[in-house]
Every structure is written in C-alpha cells, then in structure tokens.
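Here is my note on the model you asked about. Have the sequence and the 3D view open, and take the points one by one.

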Amino acid sequence: MTTPREPRLLPWSGAEGKPCYLITDDDGPVSRLADTTESTQLGMGAELLAHARGLLPRAPHGELRYLAERLTEALADALRVAESRGRRIRGLG
C-alpha cells in the first residue's frame, strides 16, 4: 500500500481568491505549468527586491518609505523560504 501524496498548493488562486490544489504524480501538464509559473514568480520577486533595495536609500522619509522597507524585508523572507523548500524538494528526488 502506498502513502497518499500531499496535495500541491498551486501558484494561482481559484474562484473568490481561494487556494487551488493539485493531486498528481508531479509529471502532468498542470504540474509543469505550476513549476513554470512558480519559477517566473520567484524570478520576478528577486528582480523586484533588487529594484526596491536600489530605490529605497534615495527615497524621501515617511510612511511610504517605512512600508516599502517592511515589504522588501517580507519579500526577502518569502523568497528565502521558497528557495529553501525548493532545495528540500529537489533533495528528495
């Protein structure tokens, strides 16, 4: 008897913003589309982070700058978690 696979959280939302999940063997067209989408999202996040870090030192002080700095920190954390999880998944294969 095989252990059931954990459903995969997809990188897009369904109706009303609800999460979408996929139960698969990791080799179907939806899995490949999700892999491509995640890769694109992480690449865009890394580019945004680099851009924000370059702009923030020159930005005027105030609430907008504070918010942008916190968002930059949060995005950096999210990218680090995503990269870590990706490495763990690759290590299992």
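1. The structure holds seven salt bridges, each being a side-chain nitrogen of Lys or Arg within 4 Å of a carboxyl oxygen of Asp or Glu. Please keep in mind that this is a predicted model, where local features need pLDDT of at least 70, side-chain atom pairs count only at pLDDT 80 or more, and totals for chains, interfaces and linings use all residues. Residues are numbered from 1 along each chain as its sequence is written, and side-chain values use heavy atoms, with hydrogens and water left out.

2. One of the salt bridges joins the side chains of Arg8 and Asp35, at 2.7 Å from N to O. This pair links distant parts of the chain, with Arg8 in strand β1 and Asp35 in helix α1, 27 residues apart. (Helices are DSSP runs of H or I with at least four residues, strands are runs of E with at least two, and both are numbered from the N terminus.)

3. Is Arg8 buried or exposed? Arg8 is buried, because its relative accessible area is 16%; buried means under 20%, exposed over 50%, and partly exposed in between, with a 1.4 Å probe and protein chains only.

4. Now look at Ser31 in helix α1, which is buried at 1% relative accessibility. Leaving out residues up to four places away in sequence, Ser31 touches Arg8, Leu22, Thr24 and Asp26, where contact means heavy atoms within 4.5 Å.

5. Helix α1 covers residues 29-55, and its 27 residues should span 39 Å at 1.5 Å a residue; the expected span is 1.5 Å times one less than the number of residues. The end C-alpha atoms are 39 Å apart, which agrees.

6. In helix α2, Arg80 and Asp77 are three residues apart, so about one helical turn separates them. Salt bridges that share partners also join Arg65, Glu69, Arg70 and Glu73 into one network. The side chains of Arg80 and Asp77 themselves meet in a salt bridge of 2.4 Å, N to O.

7. Finally, check Glu16, which has a positive phi of about 60 degrees although it is not a glycine. Glu16 lies in the loop between β1 (8-13) and β2 (19-22) and is exposed, with a relative accessible area of 74%.
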